[in-house]
Amino acid sequence: MCSVFGYIGKQYSRQLVMEGLSRLEYRGYDSAGFACLDPQSNHIVYSKASGDLQHLKDKLNQQSIDGYVSLGHTRWATHGGFSADNAHPHFDCEKNIALIHNGIIENHQELREELRAAGHVFHSETDTEVVAHLFEQELGRRDLSIELCSEIFSRLQGAYAFAIILEQYTNTMIVARKRSPLCVGVGKDELFVSSDPLAFIDKTRDVLFMPDESFALLSPSGIALYSFNGQSLSIATSSLDFSFEQQDKQQHEHFMLKEIYEQKAAIKNTLTHLQALSADLLWKQLGLKNEQVKDVEKITLLGCGTSWFAGRIAQFFFEEIAHISTQVSVASEFRYMSFFPRSNTLCIAITQSGETADTLEALRVVQSYGVHTIGLTNVASSTIVRETQGSLFTQAGCEVAVASTKAFVTQLTALYWLAHRLAMEKGLIELSDMQAAEQNLLIAAEALEECIEQNKLRIMQELAPYYATYKQYIFLGRHIGYPLAMEAALKLKEITYIFAQAYPAGELKHGPLALIDAQIPVVVFSHQAHIIYHKLVANVQEVKARDGHVIAFAFEGQQELISLADTVFIIPHVAPLLEPIAMIGLMQFFVYQMALVLDRPIDKPRNLAKSVTVE
Ligand code: M6R
């Protein structure tokens with residue numbers, strides 16, 4: 001997604017803007033730009049380049065532009081293709097105003113027509129550019145004021161974080177936020193503006209997270225903050241206590257591989273962190289009172305992509321372990337659906353980054369019903385933590401690869417653990433059951449790693465080169481194995497670009513069976529429960545009867561499935577409901593090796609970003 005970074009202060013800032021943008025690399029981008037007020041001429045000077053940040057850096061190395069008031073941006077295209085013209089900053093007709101934006105202006109078309117009719121000339125296909133012309137239009141009639149900003153921002157529909165500089169007001173930067181994340185780092189006689197405090201955390205720890213629907217006029221000596229209706233707001237800064245850690249791949253070829261191998265430790269770290277929470281501390285951190293905990297009637301889980309699949313698996317945890325009716329919704333669809341909360345409903349939004357716009361929007365809808373919300377995230381400084389009444393943290397460590405691996409298993413760990421804590425609070429299980437559950441998580445983590453180790457060479461030398469030649473795949477599972485199949489299919493699509501579709505195995509005969517032939521391998525995730533296993537075997541028989549090719553993830557001793565499959569991976573037994581943890585590492589490794597054979601850019605697949613901050 002787009003990254004916004006700005007600086008106003010007493011230093012030449014190009015270098016620090018570039019450094020800030022590099023740290024926001026996880027948001028993905030297709031072009032980048034830099035603009036500043038030239039201290040001698042007070043004119044806006046700029047540079048833009050298509051491609052990754054290095055292209056912009058190379059271009060800037062040939063130029064001498066720098067200044068005390070500057071903007072930097074990386075773009076992830078929404079409106080208009082990847083090109084230097086569409087890269088930010090965008091300008092008014094005279095290039096007296098420069099601005100950068102993250103988000104989408106939904107009514108840009110209407111504004112563009114209005115501004116064109118008034119004589120403005122546009123230079124890009126972006127939705128963003130209209131805002132520069134809107135400022136130009138209004139500043140042609142009157143001076144910069146609170147009312148002017150308030151009027152302009154109130155006209156913009158959609159989601160946005162803006163930083164704007166103007167030749168006419170060399171000591172001012174305008175910033176604004178609606179829905180999209182934006183924060184201001186407060187230094188001594190200098191301010192840093194960013195989509196994520198990570199970009200400036202080594203310069204200052206004092207951060208103002210811009211309230212939703214607010215704008216501010218920044219100068220080196222301070223911040224004047226206003227709501228969109230023009231009311232002055234007090235400045236409440238937070239002091240952050242994390243540091244930027246340069247991530248490196250260690251001995252691995254890709255971050256994804258490193259992160260696959262870190263899963264066992266990530267599960268253990270998450271568990272240790274959770275175990276350290278006393279009951280009082282846990283419920284307090286979740287924003288719950290003890291009586292509320294016992295009476296939870298319904299749980300709503302929200303998430304996107306892999307986090308949604310973690311929710312789909314966790315539904316079985318909450319229903320089977322804690323006996324709480326659980327609904328799981330993909331967050332990007334939630335706002336179009338009816339929602340029927342019961343009097344004591346809990347909503348848990350699952351998001352590795354804590355910044356996914358779809359998840360945050362769904363959460364806001366849930367909150368409008370007065371429902372208690374909890375964010376399950378890996379990033380303690382993220383937006384979700386500020387917007388929910390309670391938080392639970394996974395301890396996956398920084399996940400760099402776009403394809404989520406260790407974040408997923410730590411989400412499962414935290415949700416499995418929480419289901420047991422709720423069950424204990426409700427008197428359904430004893431402390432000894434809780435302890436056994438914790439032990440079982442560690443055993444499943446061990447199985448995850450063991451499965452990779454045992455199949456590693458076979459996958460690298462034989463299976464990955466062979467299976468990378470297929471053009472499409474079907475994934476099957478039943479019960480908890482179905483969301484696991486969905487997650488596996490997503491991973492394959494994301495990093496190999498091979499088409500894959502997951503089905504509940506019982507659905508095969510209702511249509512997809514028509515697809516079966518030798519050209520479309522069927523990947524089956526087995527289950528330890530006999531009744532489910534036998535039904536799965538029947539589904540595999542149906543595939544084999546039609547010349548299908550089967551890859552099975554079978555548990556030890558599941559002889560019938562083992563002999564039916566063309567390729568089989570044997571998984572050690574783990575506690576019920578922990579099958580996905582035992583199997584997913586091996587699947588990730590298999591898919592990773594296929595992507596390697598296909599020479600894909602594994603850590604940054606085309607068109608994708610790590611943090612998806614637009615709807
Ligand atoms: O940060 P989040 O967990 O909210 O991200 C949600 C999805 O965008 C994310 O899981 C995505 O599907 C991954 N690239 C999957 O590997």
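1. Contact here means heavy atoms within 4.5 Å. Axes are lines fitted to C-alpha atoms, for helices over the stretch in contact, and angles run from 0 to 180 degrees between N-to-C directions. Helices (H or I, at least four residues) and strands (E, at least two) are DSSP runs, numbered from the N terminus.

2. On provenance: this is a predicted model, in which local features need pLDDT of at least 70 and side-chain atom pairs count only at pLDDT 80 or more, while totals for chains, interfaces and linings use all residues. Residues are numbered from 1 along each chain as its sequence is written, and side-chain values use heavy atoms, with hydrogens and water left out.

3. Strand β2 (residues 31–37) runs antiparallel to β3 and is joined to it by 7 bridges. Within this pair, L37 is opposite I44 of β3.

4. Helix α3 (residues 108–117) and helix α4 (residues 129–139) have axes that come within 10 Å and cross at roughly 40°. The two are therefore oblique to each other (angles under 35 degrees count as roughly parallel, over 145 as roughly antiparallel, 65 to 115 as roughly perpendicular and the rest as oblique). H108, L111, R112 and L115 of α3 make the contact with V130, H133, L134 and Q137 of α4. The crossing is left-handed, meaning that the near helix is turned anticlockwise from the far one by less than a right angle; clockwise would be right-handed.

5. Which way do the residues of β19 point? H372, I374 and L376 point one way, and T373, G375 and T377 the other. In a regular strand the side chains alternate between the two faces of the sheet. Strand β19 (residues 372–377) has 6 of its 6 residues buried (under 20% relative accessible area; exposed is over 50%, partly exposed in between; 1.4 Å probe, protein chains only).

6. Strand β18 (residues 345–351) is joined to β19 by 6 bridges, with L376 as the bridge partner of I350. The chain passes from β18 through helix α12 (residues 357–367) to β19 in a right-handed β-α-β crossover; with the strands pointing away from the viewer, the path from the first strand over the helix to the second runs clockwise. Strand β20 (residues 390–393) pairs with β19 in the parallel sense over 4 bridges, and I374 stands opposite G390 in β20.

7. A further open sheet has 5 strands, ordered β22-β21-β23-β24-β25, with parallel pairing. Its edge strands β22 (499–504) and β25 (567–571) each have a single partner strand, so one side of each is left without a neighbour in the sheet. The twist averages 15° from one strand to the next. Helix α16 (residues 481–496) lies across β21, β22 and β23, at about 175° to β22.

Conventions
Pairing = 2+ DSSP bridges.
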